[in-house]
Amino acid sequence: MQLDFSELFLSGDVNYARDDLPLGALLRYIGFTPDDDMEELGRYISGRMIEAAFYIDRYARPQLAARGVLGNRLNSVWLSPDHRRILQELQDFGTVWKSIESGDMKYHFVSGYLISDSGIFCTLTLTAQTAYALRKYGSSSLKGSYLGRYTDRENPWYGATYYSETQGGSDLGAGETKAVEDGGAWKLTGHEKYFASNAGIADGAIVTARPEGAAAGAKGIAVFFVPAKREGGEDNYSVRRLKDKLGTISVPTGEVELEDSEGFLLGERGKGIYYAMEILSVSRIDDALAAAGIGRKALWEAYRFACRRSAFGRRIIEHPLLARDFIEMEADLEAALALSLVAAKHFSDSSESVPPYDDSYHFARMLTHIAKNMASEVGAEVTKYAMEIMGGRGFLSEYPIEKFHRDELVTSIWEGTSNIQALDLLELMVKKGTHELLYTSLAQIVARCNDRELKDAMEKALERTRAEVARMMQSASPEFYGKDILRALGSVAAAIYLQDASSAQGGDVLKDMARTYIERHLAGKSASPDILSRSAGLEWMDGGKATHE
Ligand SMILES: Cc1cc2nc3c(=O)[nH]c(=O)nc-3n(C[C@H](O)[C@H](O)[C@H](O)COP(=O)(O)OP(=O)(O)OC[C@H]3O[C@@H](n4cnc5c(N)ncnc54)[C@H](O)[C@@H]3O)c2cc1C
């Protein structure tokens with residue numbers, strides 16, 4: 001007799017693509033139509049991937065295979081056969097190749113929300129990032145040799161980004177890896193690539209290094225594609241060890257040592273830091289969407305639990321205190337998702353722009369910083385509280401809910417911490433004035449709102465935010481206020497996009513939550529028990545009647 005996983009996980013029958021009604025409305029808002037593969041992916045994730053990922057996390061984590069039986073040095077990571085299979089199956093859904101071949105990153109980004117497992121999806125994010133960089137900045141001969149390997153259907157390659165070094169994760173300019181040009185070929189040497197996810201499974205990586213004679217700091221950084229094997233077949237770099245981590249267990253994160261490793265320069269030498277940041281934007285959007293996606297899975301599971309568990313003579317979902325929490329979390333989650341999807345759309349639309357870039361790219365980058373911060377904060381709040389809703393069981397490692405929380409916590413750290421998102425945002429504001437574009441665009445959206453009360457609240461909030469941000473920017477230390485600015489812009493932009501999506505798409509689900517979000521975060525209105533009627537708009541998570549169409 002086999003274990004029935006639905007005894008451990010109540011959401012096993014969910015189709016995360018088709019059944020997620022707010023997602024459907026928001027995808028229509030950004031003009032994205034999921035295809036049959038994506039619908040199938042939504043079912044695959046609940047029916048197959050979550051169980052496998054949970055098992056890998058607990059019992060079958062990746063191992064470094066350091067030596068062959070004859071004593072030869074290996075730099076490979078051993079994944080369980082089922083782990084390899086699910087990665088291949090997720091690739092079969094087109095989570096990487098569809099976007100790389102079409103040049104439209106939305107398919108990849110949306111699949112990130114659906115998969116959202118920080119470990120499993122990290123492997124695919126890094127692969128998409130590598131392929132994105134090769135496609136956009138690789139020479140035609142480099143593309144000819146390697147790009148097709150990343151979109152291969154039978155045996156696709158995996159990618160990685162080796163940026164962070166022991167002395168500098170946030171501070172990329174502190175990187176000490178050196179690149180030397182030797183007869184037209186580049187050799188990279190550096191022993192401190194300290195956080196290298198996909199190390200040991202990646203077939204090639206995007207690596208930051210400083211060419212000999214280049215300027216100090218971030219300006220001197222160049223970006224290279226470094227295959228895992230040299231032309232002759234021997235290993236091109238070594239993997240020193242794998243990290244022991246709180247979450248993201250399924251992705252091996254290692255330390256990489258480069259020693260005269262063959263590399264191929266991407267783009268132009270003096271523009272490396274721009275490429276590095278652009279490539280990072282791909283994973284920052286993935287990160288924002290994954291954060292919202294994990295939050296959704298946790299909330300969905302907690303909601304189903306709350307509909308089944310009783311205390312004090314009624315289902316816990318019927319207790320006003322708990323119902324209120326659900327409504328507020330749902331509103332925050334939908335707002336974070338709306339903002340992240342809008343960022344994904346803008347980045348995808350601007351992805352042909354190259355340094356020094358046009359405004360569409362700067363605008364997309366601005367949204368990316370704001371969305372990554374907001375989604376990682378909201379996601380962590382939601383997963384933490386979803387655990388609490390499940391009471392003591394939420395804290396047990398026997399059920400996937402605690403894994404959702406562990407996996408969520410990394411989303412505010414990797415690809416640049418929240419402080420770094422704030423600093424990058426400030427730089428964009430000072431150098432490019434991108435916030436003015438945001439204000440103009442948000443004001444245009446607010447102008448078409450037909451609900452007088454909401455319109456008034458959004459107009460006032462936008463004006464207030466504008467004045468507060470200006471005050472902070474003109475202060476003696478705008479840096480001090482960096483995260484206040486990030487959060488203030490996040491709240492107002494997310495509210496306006498969510499409200500606009502709700503009126504563009506009609507229906508009750510987004511409408512109720514847009515109103516809840518605006519009342520709570522923009523209008524500063526205290527919650528009243530009247531909002532409890534909005535809990536009907538959550539019933540879709542437990543097979544209830546869809547009320548939004
Ligand atoms: C599981 C995992 C996987 C990872 N995978 C990869 C990978 O595949 N490739 C890769 O390149 N990197 C990877 N990273 C590294 C990750 O991107 C870095 O850890 C992150 O960017 C922070 O860098 P750091 O750890 O060096 O911290 P530091 O840069 O030392 O920062 C420490 C603290 O100081 C703060 N800080 C730094 N500078 C400032 C400032 N000017 N103002 C205010 N606060 C500041 C930071 O916000 C942070 O809170 C991974 C990390 C983790 C945890």
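This is a predicted model: local features need pLDDT of at least 70, side-chain atom pairs count only at pLDDT 80 or more; totals for chains, interfaces and linings use all residues.
A polar contact here is a pair of N or O atoms within 3.5 Å; within protein, one must be able to donate a hydrogen and the other to accept it, and residues adjacent in sequence count only if both atoms are side-chain atoms. Residues are numbered from 1 along each chain as its sequence is written, and side-chain values use heavy atoms, with hydrogens and water left out.

**Around the ligand**
- A ligand nitrogen sits 2.8 Å from an N or O atom in the side chain of S197.
- A polar backbone atom of Y163 is 2.9 Å from a ligand oxygen.

**Salt bridges**
- There are 45 salt bridges in the structure, each a side-chain nitrogen of Lys or Arg within 4 Å of a carboxyl oxygen of Asp or Glu.
- E101 and R153 pair up this way, at 3.0 Å from N to O.
- E101 lies in helix 4 and R153 in the loop between helix 7 and strand 3, so their pair ties together parts 52 residues apart in sequence.
- K403 bridges to D407, with the closest N and O atoms 2.8 Å apart.
- Both K403 and D407 are buried, meaning under 20% relative accessible area (1.4 Å probe, protein chains only).

Methods
Helices (H or I, at least four residues) and strands (E, at least two) are DSSP runs, numbered from the N terminus. Buried means under 20% relative accessible area, exposed over 50%, partly exposed in between (1.4 Å probe, protein chains only).
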